[in-house]
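Q: I have a model open and want to learn how to read it. Where do we begin?

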Amino acid sequence: MGEPAPLAITVDERAAEVVVSVVGQLDFGTTPELLRVAAPVVDSGRAVVLDLGRLSFCDSSGLSALVRLHKAAVAAAGTLTLAALRPQVGATITATALDRLFTIVDEVPGTDSR
């Protein structure tokens with residue numbers, strides 16, 4: 001087995017929200033990195049948008065991390081929105097009925113649709 005695909009995460013502090021962009025694959029090997037970067041952001045109690053437009057894969061550990069981040073955002077009186085889901089990732093979230101838990105939008109707020 002090869003090494004896990006890298007995961008790149010960037011945080012963009014905006015006036016209305018914080019956008020956390022996730023690029024790559026979210027799996028058992030990369031989930032700890034997402035939690036390390038995103039947990040302090042959601043713990044701040046701000047509106048957080050997870051830009052998943054360049055997330056190519058999400059397994060059960062990735063879904064678990066998203067649920068943990070959602071719960072942390074709610075506990076901090078903030079919000080967590082998933083944005084720009086690719087079809088495969090969206091289908092995984094829908095198949096597990098997590099689309100009932102998460103707020104999901106088609107585009108990241110404040111970005112141009114090109």
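A: Begin with the secondary structure. The protein has three helices and five strands. Helices (H or I, at least four residues) and strands (E, at least two) are DSSP runs, numbered from the N terminus. This is a predicted model: local features need pLDDT of at least 70, side-chain atom pairs count only at pLDDT 80 or more, and totals for chains, interfaces and linings use all residues. Residues are numbered from 1 along each chain as its sequence is written, and side-chain values use heavy atoms, with hydrogens and water left out.

Q: What pattern does the protein follow along the sequence?

A: The order is β-β-α-β-α-β-α-β.

Q: What share of the residues is buried?

A: Buried means under 20% relative accessible area, exposed over 50%, and partly exposed in between (1.4 Å probe, protein chains only). In this protein, buried residues make up 40% of the 114. Accessible areas come from the Shrake-Rupley method with a 1.4 Å probe; for residues, only the protein chains shown count as cover. The protein exposes about 6,300 Å², and carbon and sulfur atoms supply 54% of that area.

Q: How do I read the contacts by sequence separation?

A: Contact means heavy atoms within 4.5 Å. Of the contacts with a separation of 6 or more, 69% join residues 24 or more positions apart.

Q: At what angle do helices H1 and H2 cross?

A: Axes are lines fitted to C-alpha atoms, for helices over the stretch in contact, and angles run from 0 to 180 degrees between N-to-C directions. The axes of H1 (residues 31-42) and H2 (residues 60-75) come within 10 Å and cross at roughly 10°. Angles under 35 degrees count as roughly parallel, over 145 as roughly antiparallel, 65 to 115 as roughly perpendicular and the rest as oblique. H1 and H2 are therefore roughly parallel to each other. Residues making the contact include Leu34, Leu35 and Ala38 of H1 and Ala65, Leu66 and Leu69 of H2. By class, the contact has 10 nonpolar, three polar and one charged residues. Ala, Val, Leu, Ile, Met, Phe, Trp, Tyr, Cys and Pro count as nonpolar, Asp, Glu, Lys and Arg as charged, and the others, Gly among them, as polar.

Q: Is Glu17 buried or exposed?

A: Compare its relative accessible area with the cut-off. Glu17 has 13%, so Glu17 is buried. Glu17 sits in the loop between strand E1 (7-13) and E2. Not counting residues up to four places away in sequence, Glu17 touches Asp12, Arg46, Ala47, Val49 and Pro109.

Q: And how does Ser21 read?

A: Ser21 belongs to strand E2 (residues 18-26). Its relative accessibility is 18%, so Ser21 counts as buried. Beyond four places away in sequence, Ser21 touches Ala8, Ile9, Thr10 and Asp51.

Q: Where is Ala84 found, and what is its phi?

A: For Ala84, phi is near 60°, a positive value in a residue other than glycine. Ala84 is in the loop between strand E4 (79-83) and helix H3 (87-95). Ala97 has phi near 65°, also positive in a residue other than glycine. Ala97 lies in the loop between H3 and strand E5 (103-105).
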